[in-house]
Every structure is written in structure tokens, then in C-alpha cells.
Amino acid sequence: MRVLELILKKRDGGNLSAEEIGFLISEFNRGNIPDYQMSALLMAIYFQGLNARETTALTAALAESGEMLDFSSLGAIVADKHSSGGVGDKITLVLAPLVAAAGVPVAKISGRGLGFTGGTIDKLESIPGFSARLPVEKFMELVRENNLAIMAQTERLTPADGKLYALRDVTGTVENISLIAASIMSKKIAAGANAILLDVKMGKGAFIQNREEAFHLAETMVRIGKEMGRRVVSVVTDMNQPLGFAVGNALEIKEIMAVLNGQGPSDVEHLAVLLGGYLLALVGKVRNPEEGQEELSRLIKNGAALKKFKQMVISQGGRSECLEDLSLLPQAKFVEMIKAPKPGYLHDIDARKVGKVAALLGAGRFFKGDEIDYSVGVVLNHKVGDSVAAGDVLAHIHGNNEDTLKTAFKEISGAFSIGEEKSPGFPLVYGVVPPFPS
Ligand code: URA
């Protein structure tokens, strides 16, 4: 097979066979196709698209480029959850222990944050001693023992996706629904879970802002999962304002512990319980999502979910005293307040702007491999729709560098918009694909 012929075929609107896609991905992974040819192919795909069959073939080829985990020896359906990324999005760290406490094994491989969105692994690594760099064997053992383990993406899984994503990132070819769906689903398929809940974020703080594209991505991923023998449900949820109040790694861990204690922000608890209910129904643990949601609310009230979270953290090296005394988590040196300039109703708290400010303070990365500061970030005091008086505190900014704090202070003012009319706020959920139960 000649690579150039396949590039020309796609450029001219033709369809690639599963064999041709398998060849391209495995040769690229081996280093036998130069980046310039792969870039040309990606751009051809960007403009010509991939049909359903090609998208599934690409997913399979990416998944098979590395190790494929197999939990069949567990004799139980293993669950996984993925978010397309957002600001203050800590749902995984509430949902995973909840679902595990309900008796469903959860095996979660997560990424680190990049840009204005945070990553689950960074949040966990803000707990002193916690390690997400588990050997695959240890990860599987912990899922078997505790029903729950969370590890960082490794090169042993979907290496071709890592290489392809790096190329897409610098060739303007990230924003294609087929490429995004295949990239996400290949990692889910390789990670071995049989039941997958996908949280597709839509809004200013997500990489998808448009309803049609969000549902297209949700539907594409559900279809791929089905074709590859997995149970999948996608939920399209809001990411216009940050989730909860805290944005920043250790600050979010504190908020997660509060939610698991039944004392956290209601949007985080509500969304985690709602999505978890779908996951319990998907694995057949309950008859419908509502029954699952009732069970999960009970597991927050009786402390079982918090106990599961602590067990997971301690099993992965996290220092238990930091979970009992949250002041032992990293703390920033300075805390500044930002106040409402006038009275009214909050019409907007722009998630993207808040995420960028948190990253500027050091909570996020601008480049892969950047060091992050676990202690810094933003803690909001309100949600969109709240009424505020002039001088009310809108947020606290936690930082370690006075100059950066000054810039952050200026930048964050632009995230808030206050109007005279009452604002309805944003719905938490826009839709479920496929409609449940299907
Ligand atoms: N997340 C992924 O894992 N891949 C994409 O292509 C986009 C978002």
C-alpha cells in the first residue's frame, strides 16, 4: 500500500477501507510514515470527513496500537467515565467513588490538564504522596481489590493516539468530530471498561460551544461504542459557568471532600449523582437511572462514598492525615477578594476566563510538561442567577506571586457580568444520547 495513494484518495473525497486505515495507523505508530504525510492526510480528513465505518476503523486501529486492558477475569461489568473537559470539572472524583461504593468496579485512566481546563490527575496529585503513575498490573489489582483505581494515561495504551494528537495540535486538525470521537473512544476501548459514561461539555468553558456539534460528538461516540461491543451513554452538559465554586487543584479536592460529605455545592452533587445514576442503569445494577440516583444519594448520606474516596487515595500513596485535616493540603500564600462593582443579578461567570485566570496563577499548563502549582486558583462565591449587592465578594483568588495575582485580579473582573434583570442561569444538562432507557 502506498501512503501517497491513500492521501490522494481521501483528498479527492474517497473512503478508506478498515485495512487501509489500520495500515496507516500502525505504520505511523512504528515511525514509518513521516509527519508531513500524516499531516496532509489529517488535513484531507479535516475537510472531507470520515464516514461512520471509517471512524470506527480509526478508533479500533488507535486502540490496538498499544496494550488493551482486559477485566474479564473480574467476572463483573467494569465502568468508566469520561469528560470532554471543563473548568472546575471535578465530577469524576465524586462519581467514581460513588459508583464504586455502589458495588460497580470503576477503572479510570485520566489525562492531565492542558490550557484552561483542569485534569483529574493534577487534582489528585495535589494530595501529598498520591501517585497516579501506576504500572498497569497494579492498576488492575486495585480495581479488583477496592473496586476503584485512577491512573494517568501511559504510553503503553493507545500510543498512536498520543502521536496523532500531538500532530493534530500543531496542524490545525483537532476540531473534527470524527477525529475527536475516535481519539476519545480509542482510549476508552483500550482501557477495558464495558460500560462507559461520556460527559460531553458544551459552552464557553468547553472546547465545543455549539449544540449541534456537541450532540453530533455524543451520537458519534455512542455509535462507535455500540459497534465495538460496549455499553455507552453520552450526556451533554453545561460548561458556560464553572462547575461548583472551586477552580484549582487542591482547592477542588477540598470541594470534592465537601460534596462527598453532603456539604458541597449542589450543582456538583446533582450532576455527579445524575450521571452516576445513568452509569448504574447502564451496567444493570438498577432498573432505571432514577433508582440509581436514589441509591447514590444514600451513599453520600451514609458516608460510604467518602470512605471509598479515602480508600482509593490512601491505596495510591496519598497521606491519610491530609484528608482528615484539609489545611495540610497545599495552601497559597496570598488570597485576594474580588467584589461586585454594582448591585444586580449575575448574568455570566465566564468559565473560559476563570479557567484562564486559574492557569495564569499556576493551576494549569500552557505547554505539555509545565510544572503546576497545586495550591493556587479561584474560589467563586456565587452562581449565575444569584443576586448580589454592591461590594459583595464575588470570588477569592489564591496565588503565590504578587505580580501574577495583580494580573489575575484584572483579568477575572471581565469574567463577571451583572445585569438588572433576573437571569434564569444555565440548565445543568442539555440532553442524553441515546434517550434513556433505550
Ligand atoms: N480529547 C481527546 O482525547 N482527543 C481529542 O481529539 C480531543 C479531546
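Me: Which domains does the assignment give for this chain?
Reply: The chain is divided into domain 1 (3–49), domain 2 (72–324) and domain 3 (333–419), with bounds that come from an automatic or database domain assignment. This is a predicted model, in which local features need pLDDT of at least 70 and side-chain atom pairs count only at pLDDT 80 or more, while totals for chains, interfaces and linings use all residues. Residues are numbered from 1 along each chain as its sequence is written, and side-chain values use heavy atoms, with hydrogens and water left out.

Me: How many residues does the contact take from domain 1 and from domain 2?
Reply: The contact, meaning heavy atoms within 4.5 Å, takes 10 residues from domain 1 and 12 residues from domain 2.

Me: And how much area do domain 1 and domain 2 bury between them?
Reply: Domain 1 and domain 2 bury about 1,100 Å², with 73% of it on carbon and sulfur atoms; buried area is the accessible area (1.4 Å probe) that two parts lose on being put together, summed over both.

Me: Which residues in domain 1 lose the most area to domain 2?
Reply: They are Asn 29, Leu 42 and Tyr 46, which together make up 51% of what the domain 1 side buries.

Me: How many salt bridges does the rule find across that interface?
Reply: The rule, which asks for a side-chain nitrogen of Lys or Arg within 4 Å of a carboxyl oxygen of Asp or Glu, finds zero salt bridges between domain 1 and domain 2.

Me: Which elements give two or more residues to the domain 1 side?
Reply: Those elements are α2 (18–29) and α3 (35–48), and the largest share, seven residues, comes from α3. Helices (H or I, at least four residues) and strands (E, at least two) are DSSP runs, numbered from the N terminus.

Me: Changing topic, what is the strand order in the open sheet?
Reply: The open sheet has four strands in the order β6-β9-β11-β7, with antiparallel pairing, where two strands pair if DSSP finds at least two bridges between them.

Me: Why is one side of β6 and of β7 left without a neighbour in the sheet?
Reply: β6 and β7 (334–339) stand at the edges and each has a single partner strand, so one side of each has no neighbour in the sheet.

Me: How many bridges join β7 to β11?
Reply: Six bridges join β7 to β11, and Ile 338 stands opposite Ala 395 in β11. β9 pairs with strand β11 (residues 393–399) over four bridges, and Val 378 stands opposite Ile 397 in β11.
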